[in-house]
Amino acid sequence: MYRILVLSIIICFLSCENTPKKDEKPSDPLGLSKSIRKVIEKPHILTLESANKLIELPIACLQTEYPNKLGQTLGGKEDMGEPSELHPAFFGCFDWHSSVHGHWSLVKLLKSFTDLQKSDQARAILLQNISTKNIAQEVMYFNGKHNKSYERTYGWAWLLKLAEEIHTWDDPMARELEQNLQPLTDIIVQKYIEFLPKLKYPIRVGEHTNTAFGLSFAWDYAQTLNNTQLKELIASKSIEFYANDKECPLNWEPSGYDFLSPCFEEIDLMRRVLSKDKFELWVSDFMPQLKDENFTIEVGEVADRTDGKLVHLDGLNFSRAWVLYGLAAQYKEYEHLFSIGNKHLTHSLPNLVGDSYEGGHWLGSFAIYALKTNTK
């Protein structure tokens with residue numbers, strides 16, 4: 001079903017004007033502005049045309065149960081079960097966290113465009129999956145003896161991002177979804193509050209357990225929902241972990257499986273928690289080259305798109321883009337970074353079209369988040 005859907009998207013693209021030559025990768029598969037391609041000075045913007053194509057990715061995988069990577073700890077054979085039995089809300093898209101941010105993608109796109117072509121289908125999926133009964137089962141799983149650290153902190157972060165997106169959605173259905181999701185949201189918030197004081201050292205990797213990424217999304221939730229306790233804890237731990245960091249070794253990046261940049265994720269967090277003056281002092285020590293208008297960094301290159309780990313590097317390009325966009329939007333002196341963010345997005349956006357399931361089940365969310373951070 002997934003491959004048939006992807007094939008139909010490809011056929012649609014090939015029938016459009018300016019069809020690329022055989023074996024030539026389309027330069028603008030999501031219908032981004034031609035002026036942006038010519039002069040890369042402003043950030044890429046999420047358009048209705050691109051949203052109608054991007055929404056195909058979560059719709060195609062959210063109800064697809066297999067293949068599936070459960071990532072659970074078994075206390076006994078009684079803990080085994082079908083993915084849809086263990087996680088009736090978030091069983092699709094290969095793994096739990098990808099399902100969560102697939103649901104976030106639907107909410108984000110529905111919020112952004114009221115006239116999406118598949119709006120009714122997207123709404124039906126959200127209501128079916130994020131039900132009171134399904135979330136009760138998810139809560140029971142997270143309370144289980146052997147999986148208390150399940151999805152820490154990457155999946156936790158995306159769950160709070162989903163909760164935040166639903167909270168800020170002015171739609172009657174959103175209130176039902178928010179109420180249904182609330183018990184799981186509360187558990188994740190409490191898990192952060194219990195876990196962070198115990199974490200003595202930050203995790204500085206380019207994959208799921210990256211501490212700065214997990215704290216950034218949790219900060220956004222705390223800020224939006226006015227959760228003072230969580231916000232103050234994140235600010236305190238961020239300063240404890242990162243305030244004295246200097247000269248981040250950007251030349252060490254990327255590692256072969258990275259979909260997050262340890263250096264840039266740290267910047268993304270600290271620009272949130274520090275005042276402008278304090279951030280300026282900190283980033284001047286941490287990555288002074290960012291202020292240079294000639295600063296550049298090469299994109300991540302994927303050698304095999306059917307390899308689930310190697311394809312992470314497209315995610316790296318998207319996550320670098322959202323960090324660069326966020327910094328450039330917040331502080332005018334970094335506006336030259338928009339072009340570098342565009343370079344990374346432009347490189348990996350065509351790969352979403354006709355991608356294998358290894359990338360298609362999650363990369364769309366990263367692209368949407370990178371595009372949605374644009375404010376100009």
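This is a predicted model: local features need pLDDT of at least 70, side-chain atom pairs count only at pLDDT 80 or more; totals for chains, interfaces and linings use all residues.
## H13, tucked inside

The buried set takes in charged side chains, including Glu-265, Glu-266, Asp-268, Arg-271 and Arg-272, along with Phe-264, Ile-267, Leu-269 and Met-270.

As for length, H13 covers residues 262-273 and spans 17 Å from its first C-alpha to its last, close to the 16 Å expected at 1.5 Å a residue.

## H10 against H11

Next up is a helix pair. H10 (residues 172-195) and H11 (residues 211-225) pack at about 125°, and their axes sit 12 Å apart. The two are therefore oblique to each other, and H10 passes H11 in a left-handed crossing.

Who touches whom? On the H10 side you'll find Gln-182, Thr-185, Val-189 and Tyr-192, which meet Gly-214, Ala-218 and Tyr-221 of H11. That contact splits into 4 nonpolar and 3 polar residues, with no charged ones.

## H11 against H12

H11 also packs on H12 (residues 228-242), at an angle of about 150° with the axes 9 Å apart. Angles over 145 degrees count as roughly antiparallel, so that is the label for H11 and H12. The crossing here is left-handed.

H11 brings Thr-211, Ala-212, Leu-215, Ala-218, Trp-219, Tyr-221, Ala-222 and Gln-223 to the contact, while H12 supplies Leu-230, Lys-231, Ile-234, Ala-235, Ser-238, Phe-241 and Tyr-242. By type, the residues of this contact come out as 11 nonpolar, 3 polar and 1 charged. Ala-218 and Tyr-221 of H11 turn up in the contact with H10 and in the one with H12.

Note on methods: Residues are numbered from 1 along each chain as its sequence is written. Side-chain values use heavy atoms; hydrogens and water are left out. Axes are lines fitted to C-alpha atoms, for helices over the stretch in contact, and angles run from 0 to 180 degrees between N-to-C directions. Helices (H or I, at least four residues) and strands (E, at least two) are DSSP runs, numbered from the N terminus. Angles under 35 degrees count as roughly parallel, over 145 as roughly antiparallel, 65 to 115 as roughly perpendicular and the rest as oblique. A crossing is left-handed if the near helix is turned anticlockwise from the far one by less than a right angle, and right-handed if clockwise. Contact means heavy atoms within 4.5 Å. The expected span of a helix is 1.5 Å times one less than its number of residues. Buried means under 20% relative accessible area, exposed over 50%, partly exposed in between (1.4 Å probe, protein chains only).
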